[in-house]
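Colleague: I am new to this structure and would like to learn how to read it. Can we go through it feature by feature?

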Amino acid sequence: MRKKIPEKAILRPNKKTGRPESGSSLQAQKHIRPSWDEYFMSIAEIVGSRATCDRGRSGCVIVKDKRVLVSGYVGSPVGLPHCDEVGHEMHKVTHEDGSETHHCIRTIHAEQNAVAQAARMGISLDGSTVYCKMVPCYTCAKILMNAGIMRIVAAKDYQASSQSKKIFKEGGIILDILNPEVEAYPEPKSQTKSKAKSV
């Protein structure tokens with residue numbers, strides 16, 4: 001016996017327009033477009049999937065007038081081995097308060113790679129917006145400011161973001177953090193080199 005289709009599932013097109021009538025199941029499933037911030041952040045996440053260090057698979061896109069100018073992700077300089085291939089090059093930083101943080105310095109940050117890409121392609125970044133995984137580090141923050149970036153959109157906060165936030169505020173750079181949660185880093189598993197530095 002043939003199964004009866006529920007009345008509400010039947011699409012009844014308008015005789016004049018050919019479009020479904022009000023109340024049909026098609027209209028009930030209206031598509032919701034992402035905001036521009038959501039759209040560009042999702043692109044940054046996909047870009048980050050190309051990253052080659054498992055401590056921070058970050059991606060970055062730089063946008064102006066709702067158009068992507070360049071992208072970048074965490075990775076080693078061109079022609080050099082990646083963390084995924086040979087392990088991390090860990091750097092221990094001892095801060096003034098005695099606390100210690102560990103950083104992999106084999107790779108270039110996503111934001112730095114995006115700016116380098118723009119330089120190679122001859123693309124001006126003046127007045128543009130950066131979409132990235134977390135609040136940029138202090139070095140990236142200074143580079144972005146001098147590249148002419150006017151707004152930073154970060155998915156999360158960064159464990160050492162206080163200096164970046166300070167200069168963004170002083171320099172009139174808009175910083176929007178979508179999720180105030182601080183991005184957590186795993187403890188280093190493998191090390192090929194270990195360097196120590198006091199700050």
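Predicted model: local features only at pLDDT ≥ 70, side-chain atom pairs only at ≥ 80, totals over all residues.

Colleague: Which residues touch the most other members of the largest nonpolar core?

Modeller: They are Cys60, Ile62, Leu125, Val130, Ile149 and Ile152, in a core of 29 residues. At least two residues of this core come from each of β1 (59–64), α4 (110–121), β5 (129–134), α5 (138–146), β6 (151–156) and α6 (162–170). The largest share, four residues, is supplied by α4. There is also a second, separate core of eight residues, with Met41, Val47, Val63 and Val153 among them.

Colleague: How should I read the order of elements, and how many helices and strands does the protein have?

Modeller: Read from the N terminus on. The protein has six helices and eight strands, and the order of its elements is α-α-β-β-α-β-β-α-β-α-β-α-β-β.

Colleague: What share of the contacts with a separation of 6 or more joins residues 24 or more positions apart?

Modeller: In this protein the share is 56%. Lys92 and His102 are 10 residues apart in sequence, and their C-alpha atoms are 4.6 Å apart in space. Lys92 belongs to strand β3, which covers residues 88–94.

Colleague: Is Ser161 buried or exposed?

Modeller: Compare its relative accessible area with the cut-offs: under 20% is buried, over 50% is exposed, and partly exposed is in between. Ser161 has 5%, so this residue is buried. Lys92 has 27% and is therefore partly exposed.

Colleague: Where does Ser161 lie, and what does its side chain reach?

Modeller: Ser161 is in the loop between β6 and α6. Its side chain reaches the backbone oxygen of Tyr158 at 3.2 Å.

Colleague: How are burial and surface read for the protein as a whole?

Modeller: Take one figure for residues and another for area. Of the 199 residues, 33% count as buried. The accessible surface comes to about 13100 Å², and 52% of that surface belongs to carbon and sulfur atoms.

Definitions and conventions: Residues numbered from 1 in each chain as written. Heavy atoms only, no water. Core = buried A, V, L, I, M, F, W, Y, C linked by side-chain atoms within 4.5 Å. Buried < 20%, exposed > 50% of the residue type's maximum accessible area, 1.4 Å probe, protein only. Polar contact = N/O pair within 3.5 Å; in protein donor to acceptor, adjacent residues only side chain to side chain. Contact = heavy atoms within 4.5 Å. Areas by Shrake-Rupley, 256 points an atom, 1.4 Å probe, with all protein chains shown as cover.
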